[in-house]
Amino acid sequence: MFTLDVPPPLAAAFNDHWALANYLLLAQLLAVAYLGWRKPVVAAAAAASSLTAYLLRSDLADIPVTFLELVILAAVGGWTVRWIAGSSLVAPRLPRSWLLPLGLLLASATVSAVISPDPRAAWGQWKAYVVEPLLLAVLLHSTVRTRRARALLLYSVGVAGLGVAMLAITQWFTGVGIARPEWVAPATRRVTAMFTSPNAVGLLLGPIAALFAGWLAMRPAPLGAKRFPWHMLVKAVVLALLLPAIAATRSAGALLGLAAAGAAV
């Protein structure tokens, strides 16, 4: 069973339906594993759209695990089964120049976990911060090979950002669900979305906004005279929702980073 690590005002809204939510989460994991086997790119996109799912927490064999980690493992697991069965068109691979630094990173992280005085936390961080990102990197580099696949991945990241942005904008107008009471008053309001800090909102949405700003600034492919550039409109809408949500955090670091990214674009 999963627990929801969000501020109490938001957690209370889910308490009455949490048993059903857990079954739906398990069904989602099975669906992602199936997609990893049948459509690895779509499974990778599902992982990208689940960035905030680390707030859903559980334990496996007394080791802490998040739902985001399980989504990544389900996607990689389904794709691995397909590859072992011989039906995958692309074998797992990474650039050769990556192998030595990644190997050293994995080795150092493993040694740190072995000698840590808190093995439970150490092995939890080992898998969450080193092993699973490496597995996801292998999946992405091996399967996201076309322009359409890259666009699907970027749109999926945008979906993750939109959920946070819409909640943050709602909080800005209503003050409902903000993590701490000193941030609720209109004069000092700082939105937190489902997190415990406004800075967490900026840390997530800032890079996504910069990514979409750069993507929007890219010269689009030539279009026929009768085709409307829907992809440009979608990028602009995503950016138009992310920017006010970031501003509503009043996070100096997020705003400064976004300004620097905008100057680079």
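**Close-up views of a predicted model**

**View 1. The β2-β3 hairpin.** Two residues separate the strands in the hairpin of β2 and β3, and Ala61 there has a positive phi near 55 degrees. The model is predicted, so local features need pLDDT of at least 70 and side-chain atom pairs count only at pLDDT 80 or more, while totals for chains, interfaces and linings use all residues. Residues are numbered from 1 along each chain as its sequence is written, and side-chain values use heavy atoms, with hydrogens and water left out. Strand β2 covers residues 56-60 and pairs with β3 in the antiparallel sense over four bridges; pairing requires at least two bridges found by DSSP between two strands. Strands (E, at least two residues) and helices (H or I, at least four) are DSSP runs, numbered from the N terminus. Across this pair, Arg57 stands opposite Thr66 in β3.

**View 2. The three-stranded sheet.** The strands form an open sheet in the order β1-β2-β3, with antiparallel pairing. Because β1 (3-4) and β3 (63-66) stand at the edges with a single partner strand each, one side of each has no neighbour in the sheet. The antiparallel strands β1 and β2 are joined by two bridges, and Thr3 stands opposite Arg57 in β2. Helix α4 (residues 67-84) lies across β2 and β3 and runs at about 80 degrees to β3. Axes are lines fitted to C-alpha atoms, for helices over the stretch in contact, and angles run from 0 to 180 degrees between N-to-C directions.

**View 3. Packing of α2 on α4.** Helix α2 (residues 18-38) and α4 have axes that come within 6 Å and cross at roughly 35 degrees. The crossing is right-handed, meaning that the near helix is turned clockwise from the far one by less than a right angle. Leu25, Gln28, Leu29, Val32, Ala33, Gly36, Trp37 and Arg38 in α2 meet Phe67, Leu70, Val71, Ala74, Ala75, Gly78, Trp79 and Arg82 in α4, where contact means heavy atoms within 4.5 Å. By class, this contact has 11 nonpolar, three polar and two charged residues. Ala, Val, Leu, Ile, Met, Phe, Trp, Tyr, Cys and Pro count as nonpolar, Asp, Glu, Lys and Arg as charged, and the others, Gly among them, as polar.

**View 4. The largest nonpolar core.** This core has 57 residues, of which Phe67, Val164, Met194, Phe195 and Leu205 touch the most other members. Helix α4 gives the most to the core, with nine residues. A nonpolar core is a set of buried Ala, Val, Leu, Ile, Met, Phe, Trp, Tyr and Cys residues joined through side-chain atoms within 4.5 Å. Leaving aside residues up to four places away in sequence, Val164 touches Thr52, Ala193, Met194, Phe195, Val201, Leu204 and Leu205.

View 5. Thr192 counts as buried because its relative accessibility is 0%; buried means under 20% relative accessible area, exposed over 50%, and partly exposed in between (1.4 Å probe, protein chains only). Ala193 is buried, also at 0%, and has a positive phi of about 50 degrees although it is not a glycine. Most residues other than glycine have a negative phi.

**View 6. Arg250 between two helices.** Arg250 lies in the loop between α9 (230-249) and α10 (252-264). Its phi is positive, near 55 degrees, and at 38% relative accessibility Arg250 counts as partly exposed.
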